[in-house]
Amino acid sequence: PRERTFRTVRTVGIFWGIGVVALFIPVAHFVLVPLFLLLGLLSPFFTPAKEGVVLGGTAKCPACDSELAIPRMPERWPLSDVCSSCKRALTIQKA
């Protein structure tokens, strides 16, 4: 919970920081500043929804035994991926 709170506050700060920088862009600031302020207000409703993150890594394809790169992504089990060598659809289960 503490890490999620930090992530949420950081996301709000990033959006509002971009909004402050957008103040100095002529004409576009009429749209960009309200947009980033609104995104900052709405981001807490979407950030805590992520329970965890898969950091990524590598695995071996069970069909062709080649290296399979697992990208960083939100944690939603089972993970689905495609082997880049044999193009076979793979499902990765949580251990």
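In strand β3, the bridge partner of G57 is I70, where helices (H or I, at least four residues) and strands (E, at least two) are DSSP runs, numbered from the N terminus. The two residues lie 13 positions apart in the sequence, yet their C-alpha atoms are 5.0 Å apart in space. I70 itself belongs to strand β3 and, with a relative accessibility of 17%, counts as buried; here buried means under 20% relative accessible area, exposed over 50%, and partly exposed in between, with a 1.4 Å probe and protein chains only. The model is a predicted one, in which local features need pLDDT of at least 70 and side-chain atom pairs count only at pLDDT 80 or more, while totals for chains, interfaces and linings use all residues. Residues are numbered from 1 along each chain as its sequence is written, and side-chain values use heavy atoms, with hydrogens and water left out.

**The two hairpins**

Strands β2 and β3 run antiparallel and are joined by four bridges, two strands being taken as paired if DSSP finds at least two bridges between them. They form a hairpin with six residues between the strands, and D65 in the turn has a positive phi of about 65 degrees. D65 lies in the loop between β2 (57–60) and β3 (67–70), and its relative accessibility of 53% makes D65 exposed. S66 lies in that loop between β2 and β3 too, but S66, at 16% relative accessibility, counts as buried.

K87 lies in the loop between β5 and β6 and is exposed, with a relative accessible area of 59%.

| Residue | Phi | Relative accessible area |
|---|---|---|
| D65 | near 65 degrees | 53% |
| K87 | about 60 degrees | 59% |

**Salt bridge and surface patch**

The structure holds one salt bridge, defined as a side-chain nitrogen of Lys or Arg within 4 Å of a carboxyl oxygen of Asp or Glu. It is formed by K60 with E67, whose closest N and O atoms are 3.5 Å apart. E67 counts as partly exposed, at 46% relative accessibility.

On helix α2 (residues 29–42), L38 takes part in a nonpolar surface patch of about 470 Å², made by L38, L42, F45 and F46. Patches are made of residues with over 30% relative accessible area and no salt bridge, with like charges joined within 9 Å and nonpolar side chains (Val, Leu, Ile, Met, Phe, Trp, Tyr) within 5 Å. The accessible areas come from the Shrake-Rupley method with a 1.4 Å probe, and for residues only the protein chains shown count as cover. L38 is partly exposed, with a relative accessible area of 47%. L35, which also lies in helix α2, is partly exposed as well, its relative accessible area being 39%.

**The chain as a whole**

The chain has two helices and six strands, which follow the pattern α-α-β-β-β-β-β-β when read along the sequence. Its radius of gyration is 19 Å, well over the 12 Å that the globule rule gives for 95 residues, so the chain is more spread out than a compact globule; the radius is taken over C-alpha atoms, and the globule rule is 2.2 Å times the number of residues to the power 0.38. Taken along the principal axes, the C-alpha atoms fill a box of roughly 55 × 30 × 15 Å, and buried residues make up 21% of the 95 residues.

L35 and P78 are 43 residues apart in sequence and 35 Å apart in space, while S66 and W77, which are 11 residues apart along the chain, are separated by 23 Å.

As for confidence, the chain averages a pLDDT of 83, and 95% of the residues score at least 70, pLDDT being the predictor's confidence in each residue, from 0 to 100. Confidence is lowest in strand β1 (residues 53–54), at a mean of 76, and highest in α2, at 91.
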